[in-house]
Amino acid sequence: MMITVEKVSIQDAASLFQFEVRNRVFFEKSVPSRGDAYYQYDHFLRGLQALLDEQAQGISFFGLIKNSQGDILGRMNLVDIEKDEGIGHLGYRVGEDTAGKGVASQALKLFLEEHAPHLNVRMICAKTTPDNISSQKVLLKNGFEPYDMESETPDDFLHYRLCVV
């Protein structure tokens, strides 16, 4: 499947909102709910504008995974970019119709090749729950290595990192 990872813009608002609504139940099986207000369009737009402001400041990158027809298949984000440290925190999700088809792995590869070099990060951190085997495979396939954060902040996540040059 041919895909792209594109920086989100306000023009994506309606289709992104539809994607989130369509996949709400699926996403909430593995991550905490964003709450009912998130699924009200006016509230969603305010939240999206706040993300776009962060993106404009260079402290986050919000990407959309799209197919060749321009349909949104998922999201690929680098947030909390610590400019002095050169560290960013990765997050991604693909819709239920796309899960298990290799799209997340392909999108992460594209993100690392096309976008990460312009974000001034030396290390990308990611975390996933122990039961999210698919996400662990996506990270490992793209060169991320597991590391133990137990001494820093014990939690219920597996932590990964990738040094980028």
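I count two strands as paired if DSSP finds at least two bridges between them. With that settled, I opened the model, which is a predicted one.

**Entry 1: the sheet**

I traced the strand order first. The sheet is open and holds 7 strands, running β1-β2-β3-β4-β5-β7-β6, with mixed pairing. Which strands stand at the edges? They are β1 (3-7) and β6 (145-147); each has a single partner strand, so one side of each lacks a neighbour in the sheet. I also looked up the twist, and from one strand to the next it averages 30°.

**Entry 2: around β7**

Next I went to β7 (residues 158-163) and its pairing with β6, which is antiparallel and spans 3 bridges. I noted two facing pairs here: Glu145 is opposite Arg161 of β7, and Tyr147 is opposite His159 of β7. Then I turned to β5, which also runs antiparallel to β7, with 6 bridges joining the two. Cys125 has Arg161 in β7 as its bridge partner.

**Entry 3: helix α5**

I checked α5 (residues 133-141) for burial and found Ser135, Gln136, Val138 and Leu139 buried. Why do I place these four on the same side of α5? They take up an arc of only 160° around the axis, so they share one side of the helix. A reminder to myself: an α-helix has 3.6 residues a turn, so residues three or four places apart point the same way. The cover over the buried residues of α5 includes β4, α4, β5 and β7. On the face turned away from that buried side I noted Ser134, Lys137 and Lys141, which are exposed. Just past the end of α5, I saw that Gly143 has a positive phi of about 90°.

**Entry 4: Asp12**

Last, I looked at a loop residue. Asp12 lies in the loop between β1 and α1 (13-22). Is Asp12 buried or exposed? Its relative accessibility is 8%, and since buried means under 20%, Asp12 counts as buried. I then listed its contacts, leaving out neighbours within four places in sequence: Asp12 is in contact with Lys7, Leu64 and Lys66.

Key
Residues numbered from 1 in each chain as written. Predicted model: local features only at pLDDT ≥ 70, side-chain atom pairs only at ≥ 80, totals over all residues. Heavy atoms only, no water. Axes fitted to C-alpha atoms, helices over the stretch in contact; angles between N-to-C directions. Buried < 20%, exposed > 50% of the residue type's maximum accessible area, 1.4 Å probe, protein only. Contact = heavy atoms within 4.5 Å. Arc of directions from axis to C-beta.
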